[in-house]
Amino acid sequence: TLPTSLKVKIGSKYYTINITDKTLILNKNRDVIVFNRFVSGDTIRIYGAVREVDDPIIDAEIVRNLDL
């Protein structure tokens, strides 16, 4: 259920991605999908603001799953 968060590795850094009920969840064709279709290993793109704290956090506005 939303809101939720997930942890992703980008390069050598781990980021916490905050996903709210206002975050758009899209597939590679930019169609709206449900978040529970994501599985480990999917390629995703995240658009949002990065909070510069000890453990970086991204407040996601759009999350695109390029494997769906």
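Visitor: Which residues line the largest pocket?
Guide: In this predicted model, the lining of the largest pocket is made up of L6, K7, V8, F35, F38, V39, S40, G41, D42 and I44.

Visitor: And how much space lies in there?
Guide: The largest pocket holds about 170 Å³ of space.

Visitor: How do the lining residues divide into nonpolar, polar and charged?
Guide: Six residues of that lining are nonpolar, while two are polar and two are charged.

Visitor: Which strand gives the most to the lining?
Guide: That is strand 1, which covers residues 4-10 and contributes three residues to the lining of the largest pocket.

Visitor: OK, new topic: what makes up the largest nonpolar core?
Guide: The largest nonpolar core has ten residues in all, namely V8, Y15, I17, I19, I25, I33, F38, I58, A60 and V63. Two or more of these residues come from each of strand 2 (13-19) and strand 5 (57-65). As a general point, nonpolar side chains in soluble globular proteins tend to be buried together.

Visitor: What is I17 in contact with, beyond its neighbours within four places in sequence?
Guide: With those neighbours left aside, I17 is in contact with T4, S5, L6, V8, I46, I58 and A60. Among these partners, V8, I58 and A60 are also listed, like I17 itself, in the largest nonpolar core.

Visitor: Is R30 buried or exposed, and why?
Guide: R30 counts as exposed because its relative accessibility is 58%, and the cut-off for exposed is over 50%.

Definitions and conventions
Residues numbered from 1 in each chain as written. Predicted model: local features only at pLDDT ≥ 70, side-chain atom pairs only at ≥ 80, totals over all residues. Heavy atoms only, no water. Core = buried A, V, L, I, M, F, W, Y, C linked by side-chain atoms within 4.5 Å. Buried < 20%, exposed > 50% of the residue type's maximum accessible area, 1.4 Å probe, protein only. Helix = DSSP H or I, 4+ residues; strand = E, 2+ residues; numbered from the N terminus. Contact = heavy atoms within 4.5 Å. 1 Å grid on protein atoms, 1.4 Å probe; cavity = no way out; pocket = protein on both sides within 12 Å on 5 of 7 lines; lining within 4 Å. Points joined across faces, edges and corners; volume = space filled by probe spheres on them. Nonpolar A, V, L, I, M, F, W, Y, C, P; charged D, E, K, R; others polar.
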